[in-house]
Structures are given as C-alpha cells and as structure tokens.
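Please have the sequence and the structure at hand.

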Amino acid sequence: IIVAENLGYNKKDPAVYHEIAKKYNIKETEILLIDDLESNIEMAKKAGLNTFMYKANSNSNFIEEDPR
C-alpha cells in the first residue's frame with residue numbers, strides 16, 4: 001500500500017503513477033487507486049490505473065476493526 005501524500009506525490013499529476021510503476025517495477029494496469037475524489041479517480045484512469053471510488057458517510061464502515 002502506497003499513500004501518495006506520505007511520499008510527497010500529487011495524485012493530480014499523472015506522471016506520479018508512471019513514477020510509482022517504474023519504482024516498483026510494475027505496470028500501471030497493476031495499480032489500484034482507491035480515492036473519494038472524482039478528479040483523482042479520473043486522473044488515475046487517464047494514466048491507465050484501475051480505480052475504486054468510495055464515498056464515506058457516517059453510516060458506513062469500510063474497515064472492520066480487529067477484535068483482538
């Protein structure tokens with residue numbers, strides 16, 4: 001899992017996705033971007049990535065907590 005902001009990347013720049021693919025020796029089509037902003041999703045699609053757009057709200061829980 002790569003968090004773009006932790007690496008100083010701007011998700012609105014399609015070159016970022018090409019850099020990540022090159023750095024990890026993978027194809028852009030092997031990357032899945034998960035985001036809640038349509039603009040980031042569209043930019044990732046233009047770069048050839050797979051995408052998943054989510055909309056969080058107060059009634060949803062996307063990550064189950066570990067009961068331990």
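## Terms and model

A residue is called buried when its relative accessible area is under 20%, exposed when it is over 50%, and partly exposed in between. Please keep in mind that this is a predicted model.

## A buried charged pair

Side chains of opposite charge can pair when their charged atoms come close. The model holds 2 salt bridges. In one of them, Asp35 pairs with Lys11, with 2.6 Å between the closest N and O atoms.

How accessible are the two partners, then? Asp35 is buried, at 3% relative accessibility. Lys11 is buried as well, with a value of 17%.

## A pair within helix 2

Glu42 and Lys45 also form a salt bridge, at 4.0 Å from N to O. Both residues are in helix 2 (residues 38-46), where they are 3 residues apart, about one turn of the helix.

Are these side chains buried or partly exposed? Glu42 is partly exposed, at 36% relative accessibility. Lys45, with a relative accessible area of 45%, lies between the 20% and 50% limits, so Lys45 counts as partly exposed too.

One of its members, Ile26, is found in the loop between helix 1 and strand 1. Ile26 has a relative accessible area of 32% and is partly exposed.

Conventions
Residues are numbered from 1 along each chain as its sequence is written. This is a predicted model: local features need pLDDT of at least 70, side-chain atom pairs count only at pLDDT 80 or more; totals for chains, interfaces and linings use all residues. Side-chain values use heavy atoms; hydrogens and water are left out. A salt bridge is a side-chain nitrogen of Lys or Arg within 4 Å of a carboxyl oxygen of Asp or Glu. Buried means under 20% relative accessible area, exposed over 50%, partly exposed in between (1.4 Å probe, protein chains only). Helices (H or I, at least four residues) and strands (E, at least two) are DSSP runs, numbered from the N terminus.
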